[in-house]
Amino acid sequence: MTATTSNTTSQSHADLASAAHLMTRIGDQLASQLSLVSRGGTRRPTPPAPALVLVAHGSRDPRALATVRTLMDRVREQRPGLSVHLGHIELNEPLLPDTLAALGDREAVLVPLLLSRGYHVKRDIPEMAADSAVRARVAAPLGPHPLLVETLHARLVEAGWRTRMDAETRRTSAVVLAAAGSRDPESRVDTGRTAQLLAERLGVPVVPAYATTAAPTVPDAVAALAARGRTRVAVASCFTAPGRFATECAQAAPWIASAPLGTHPAMASLVLHRYDQAMATPAVTKERSLATA
C-alpha cells in the first residue's frame, strides 16, 4: 500500500470517527430534550427546587418572630418562586418538627439563623431532620462570612459610627462584638473570625464578648479596652433579632450600640448563599445522619 493510500484511509477513518462523535452528541441532546416531553407531546414540568427552611432559635420577645418573618419576605423577594418556610428550635411556633412534618417527604435545605457553630447546628437541627420524612440538607450557620460583616458594619454606621476618623479618634476607638455564647470551642472560633473580619473593615480593634456561657462578658470586654486607652467603644450586636441577650448587651455599651442584624438585604443574600452552598453538596441520607449524630 502506498503512502498516499495509507493517508487517504487514515483520513477516512478520522472523518468517520468525527461523524460518529457528532451523531452521538446529537443523539444525546435529542434524548435530553425528549426526556422533558411527555408522551402527549407536552413539556414535562421542571421539578420544583428544594424548599428553604429558615431555622430560628426562638424567643419570648415578640419582636424576634416579627423580624424573622420579615426576613423571610426579603428572601422571597430576592428569589421569587422559591418555597420558603420557618421552623423554630424552641419557644415559638411553628416548631421545626411541625414544619418538617408539613413538608412530607420532599427535599429541603435547612438554613440555621445562627451565627456560629454549636450544639444547635451540630445536634439539634440534624436530629430533628433525621426524625422527619424530609430529604434534608443542613446548611452552615450564617457566620463567619463577609455578608455578615457587611450587615454588622451597616448597623454600626446607622448607630453613629463614623466611617472617616482622624488618627487620634481611631487610636481611642474600638468595638465589642456581642454574641450569644456557647460551650462549643468551634463557636468561639467562628465568632473570633467574624470579629477579625470586622476589625479589618473598620480599622480598629474588635473584641468578641458573650451574653452567656462563654467569657468575656460585654462589660468585661469594655473594661479591658478602656484599660488599654480605648475609651470610645461601640457594641456591635451579633444577634439575628431583638431579644433579651441583645437588649442586655446594648445596655452595657459605654457609647453607641448597633441594632441586631435583622432584615438587612445582606442577611437575605447570606441566607440564599448558604442555601446554594448546601445544594452544591450531596444530600445526607438518614442512615449517614444517624450514624454521625
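Predicted model: local features only at pLDDT ≥ 70, side-chain atom pairs only at ≥ 80, totals over all residues.

Colleague: Where do E158 and R155 lie?

Modeller: Both belong to helix α5 (residues 146-159), three residues apart, about one turn of the helix.

Colleague: Are E158 and R155 buried or exposed?

Modeller: E158 is exposed, with a relative accessible area of 54%, whereas R155 is buried at 12%. R155 is classed as buried because its value is under 20%.

Colleague: Which residue pairs with E168?

Modeller: R171 does, with the closest N and O atoms 3.0 Å apart. E168 and R171 are three residues apart in helix α6 (residues 167-171), so about one helical turn separates them. E168 is partly exposed, at 46% relative accessible area, and R171 is partly exposed, also at 46%.

Colleague: How many salt bridges are there by this rule?

Modeller: The count comes to 14. Among them is the bridge between K122 and D184, whose closest N and O atoms are 2.8 Å apart. This pair links distant parts of the chain, 62 residues apart: K122 is in helix α4 (residues 119-130), and D184 is in the loop between β5 (173-179) and α7 (185-202). K122 is partly exposed, with a relative accessible area of 37%, while D184 is buried, at 14%.

Conventions:
Residues numbered from 1 in each chain as written. Heavy atoms only, no water. Salt bridge = Lys/Arg side-chain N within 4 Å of Asp/Glu carboxyl O. Helix = DSSP H or I, 4+ residues; strand = E, 2+ residues; numbered from the N terminus. Buried < 20%, exposed > 50% of the residue type's maximum accessible area, 1.4 Å probe, protein only.
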